[in-house]
Amino acid sequence: MLELEHGFRVVDVHARLDPDDGAVVASRGRDITPERLQREMHQAGVVQSAVAPGPRPAGEGYLRANNAVARLSVDRPFRAMARLNGPRDPGDSPVSRLRNLAAAPEDHHTDPGDVEQYAYDSRLHGFVLDPVNDGLPTEATLEQIEAAGEPVLVHAGRGYPPRAVADTVLSYDFPTILSSFGGYPLDRTLMDEALELLDSHDDLYLDTAFVRFRDVLERGLLEHPDRVLFGSGAPDTHPDVGVMEVLTLDVPEDLLDRALSKNAARVIEALAPGADA
């Protein structure tokens, strides 16, 4: 694929880096090494990417995967984020609420001490939650995330819609980036719901990964120019695709610059211009 030519500094808040290539081939069907991911980001003109491991098998924690991603990010234009898990069901049904009353963390679940250690690790620059795949952390763990004050990327969608995020994660005080405008996969109703949440949550941001509706992206940038961040969703999609979708929006150039770089640099300090590799 040809390299994109544009005059913007682009940073990516949403990419996956798996340290175990064999697991990637088995579960995703696409072999993405750190070198190839770096090459694809370069082709898209992305100068830095926030990366985290993908889902691990049930019963396996993320400590090793997080440390491996942090190690693989050294001397590359990657900024590692720690993926967290937990024992709670993210659903809001009566069954989920009943199940959560008896939910207790197991050895492989993230605990407050893990979060404290991650926060002191200079190689890590925030956290990632994917409650549908990994469960929701305990309240004590979320409180420790709040104490750390680091940004959190939250995978949201039909299994964990924006209203559920508002009832759980957004009750804590830390910057929250809602993946895919909260509507993965391609749920316009949920995306609209997430946009409405921006009016009442000052620390909420939306990333553009897998958002294929131009009018939704344009509405987000025009109504909330400081709250939209570029996310590629790589390697599940080539970062060229996401960059081009933003570049072709019918909005002023200043808003493109905010979405592609400036907004992310405020939320994730490691993506600021002075930290370029």
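Where in the chain does P235 lie? P235 is placed in the loop between β8 (228-229) and α11 (239-247). The structure is a predicted model in which local features need pLDDT of at least 70 and side-chain atom pairs count only at pLDDT 80 or more, while totals for chains, interfaces and linings use all residues. Residues are numbered from 1 along each chain as its sequence is written, and side-chain values use heavy atoms, with hydrogens and water left out.

**Overall architecture**

- The protein chain has 12 helices and 8 strands; helices (H or I, at least four residues) and strands (E, at least two) are DSSP runs, numbered from the N terminus.
- For 277 residues, a compact globule would have a radius of gyration near 19 Å, and the 18 Å of the protein chain agrees with this. The radius is taken over C-alpha atoms, and the globule rule is 2.2 Å times the number of residues to the power 0.38.
- Along the principal axes, the C-alpha atoms fill a box of roughly 55 × 40 × 35 Å.
- Of the 277 residues, 53% count as buried. Buried means under 20% relative accessible area, exposed means over 50%, and partly exposed lies in between (1.4 Å probe, protein chains only).

**Salt bridges**

- The structure holds 17 salt bridges, each defined as a side-chain nitrogen of Lys or Arg within 4 Å of a carboxyl oxygen of Asp or Glu.
- R76 and E35 form a salt bridge through their side chains, at 2.6 Å from N to O. This pair links distant parts of the chain, 41 residues apart: R76 is in the loop between α3 (63-73) and β3 (78-84), and E35 is in helix α2 (residues 34-44). R76 counts as buried at 16% relative accessibility, whereas E35 is partly exposed at 42%.
- In the salt bridge between R83 and D134, the closest N and O atoms are 2.7 Å apart. R83 belongs to strand β3 and D134 to helix α6 (residues 131-134), so the pair ties together parts that are 51 residues apart in sequence. R83 is buried, with 3% relative accessibility, and D134 is buried, with 9%.
- R158 and D187 meet in a salt bridge of 3.4 Å, N to O. R158 lies in the loop between β5 (152-154) and α8 (162-167) and D187 in the loop between β6 (176-178) and α9 (188-197), so the pair ties together parts that are 29 residues apart in sequence. D187 counts as buried at 17% relative accessibility.

**Backbone features**

- The peptide bond between A234 and P235 is cis, with omega of about 5°.
- A cis peptide bond also joins Y184 and P185, with omega of about 0°; P185 lies in the loop between β6 and α9.
- F181, in the loop between β6 and α9, has a positive phi of about 55° although it is not a glycine. F181 is buried, with a relative accessible area of 0%.
- L186, found in the loop between β6 and α9, has a positive phi of about 50° and is not a glycine. L186 is partly exposed, at 44% relative accessible area.

**Surface charge**

- E139, E143, E146, D173, D202 and D203 form a negative surface patch. Patches consist of residues with over 30% relative accessible area and no salt bridge, with like charges joined within 9 Å; Asp and Glu count as negative.
- E139 is in helix α7 (residues 139-148) and is partly exposed, with a relative accessible area of 48%.

Note on methods:
Patch = residues over 30% accessible without salt bridge, like charges linked within 9 Å, V, L, I, M, F, W, Y side chains within 5 Å. Areas by Shrake-Rupley, 256 points an atom, 1.4 Å probe, with all protein chains shown as cover. Charge placed at Lys NZ, Arg CZ, Asp CG, Glu CD.
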